[in-house]
Amino acid sequence: MDGTMKFLERYFFNPTLGQKIMAFALLPVSICVFVGATLRRAFSPTKQYKAAIVSVGNLVVGGSGKTPLVIALAKDYEPNCAIVLRGYKRKSKGLIVVSHNGRIVVDVNKSGDEAQLLSQRLPFATVIVSEDRHKGIEKAMKLGRRIIFLDDGFRFKCNKLNILLRSQLQPYYSFCIPSGAYRESPSAYKTADIVLNEGKEYSREVVVKNPTERMLLVTAIANPSRLEQFLPTIVGRLSYGDHSFFSKERIALEMEKSGATSVLVTEKDEVKMKDFGFPLSVLKLEMVVDPAVYSAVRDYIGRYQQYLPQS
């Protein structure tokens with residue numbers, strides 16, 4: 001595992017004594033983050049849109065299943081829905097329409113890995129990346145979309161159904177960053193419309209597509225240890241920072257050293273590696289979600305029926 005990733009994963013979720021001391025030394029900074037996030041939530045204006053907006057988010061840094069849940073919820077509303085997300089670590093800036101009317105119009109470098117995966121898994125949806133989610137929503141509406149899913153949209157205030165995910169892997173301390181893994185106070189769970197707990201209201205199921213006898217695991221995801229329960233036998237592993245782009249040469253070297261016959265990747269990482277020419281085995285993730293969640297989303301969207309296209 002990449003040294004920085006290994007340090008951060010342990011620091012946030014299973015700290016050593018030295019890391020615990022560091023966390024408490026950084027508490028003044030964490031308190032400033034907590035105050036800033038609390039004030040922003042209290043005093044930022046709430047924008048109103050004539051659209052049904054469903055936000056999927058979490059309070060903890062790193063992956064909790066936001067994108068797979070968006071895919072699971074949004075597929076029932078194609079082609080009338082749009083997905084808006086930041087496009088973290090993409091090699092572009094500003095607002096970009098990634099896909100529209102069944103056509104992907106930019107590559108993974110401009111879209112980022114999550115947006116490219118969303119475009120492939122939801123081929124008839126509209127996918128938009130924008131650091132400013134409000135501009136993304138407005139663009140989606142200009143394109144005629146009145147059902148909008150926000151991937152990681154908890155912090156953005158507008159009329160929306162607020163869904164928060166709480167994964168089984170919980171931070172060691174209930175502090176805001178940098179002393180803990182929370183983006184804001186854990187008390188913010190109380191402000192969500194729906195809180196989904198992993199293992200109760202949702203779970204993840206993984207199957208391996210195109211497995212081979214000797215697979216090298218290559219990942220660029222947050223908290224890669226969460227894959228352990230799903231992994232088949234592998235001959236080695238190579239971990240990059242979350243959302244990082246890969247080095248073809250480094251992977252080729254690791255494949256040669258380990259005698260790997262394929263590279264085992266997540267779907268999010270597959271979109272960045274499909275042109276490398278390596279045999280790929282893919283960890284295909286599906287979310288199993290409590291049916292009550294689908295009903296709640298359907299009921300919420302139904303409140304905006306007057307703004308939705310008539311079939």
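Q: Which residues of β2 point one way, and which the other way?
A: Bear in mind that the model is predicted. Cys81, Ile83 and Leu85 point one way from β2, while Ala82 and Val84 point the other way.

Q: What makes β2 largely enclosed by the rest of the structure?
A: Buried means under 20% relative accessible area. Five of the five residues in β2 (residues 81-85) are buried, so the strand is largely enclosed.

Q: How do you know that β2 pairs with β6?
A: Pairing takes at least two bridges between the strands. β2 and β6 have four and run parallel, with Ile148 of β6 as the bridge partner of Ala82. On β5 (residues 126-129), four bridges also join β2 in the parallel sense, and there Ala82 stands opposite Thr126.

Q: Why are β4 and β8 said to stand at the edges?
A: The sheet is open, with eight strands in the order β4-β3-β5-β2-β6-β1-β7-β8. β4 (103-104) and β8 (194-197) each have a single partner strand, so one side of each is left without a neighbour in the sheet.

Q: What makes Phe149 stand out in the largest nonpolar core?
A: Along with Leu69, Ile83 and Ile163, Phe149 touches the most other members of that 39-residue core. Contact means heavy atoms within 4.5 Å, and leaving aside residues up to four places away in sequence, Phe149 touches residues including Val54, Leu73, Tyr77 and Ile83.

How values were computed. Residues are numbered from 1 along each chain as its sequence is written. This is a predicted model: local features need pLDDT of at least 70, side-chain atom pairs count only at pLDDT 80 or more; totals for chains, interfaces and linings use all residues. Side-chain values use heavy atoms; hydrogens and water are left out. Helices (H or I, at least four residues) and strands (E, at least two) are DSSP runs, numbered from the N terminus. A nonpolar core is a set of buried Ala, Val, Leu, Ile, Met, Phe, Trp, Tyr and Cys residues joined through side-chain atoms within 4.5 Å. Buried means under 20% relative accessible area, exposed over 50%, partly exposed in between (1.4 Å probe, protein chains only).
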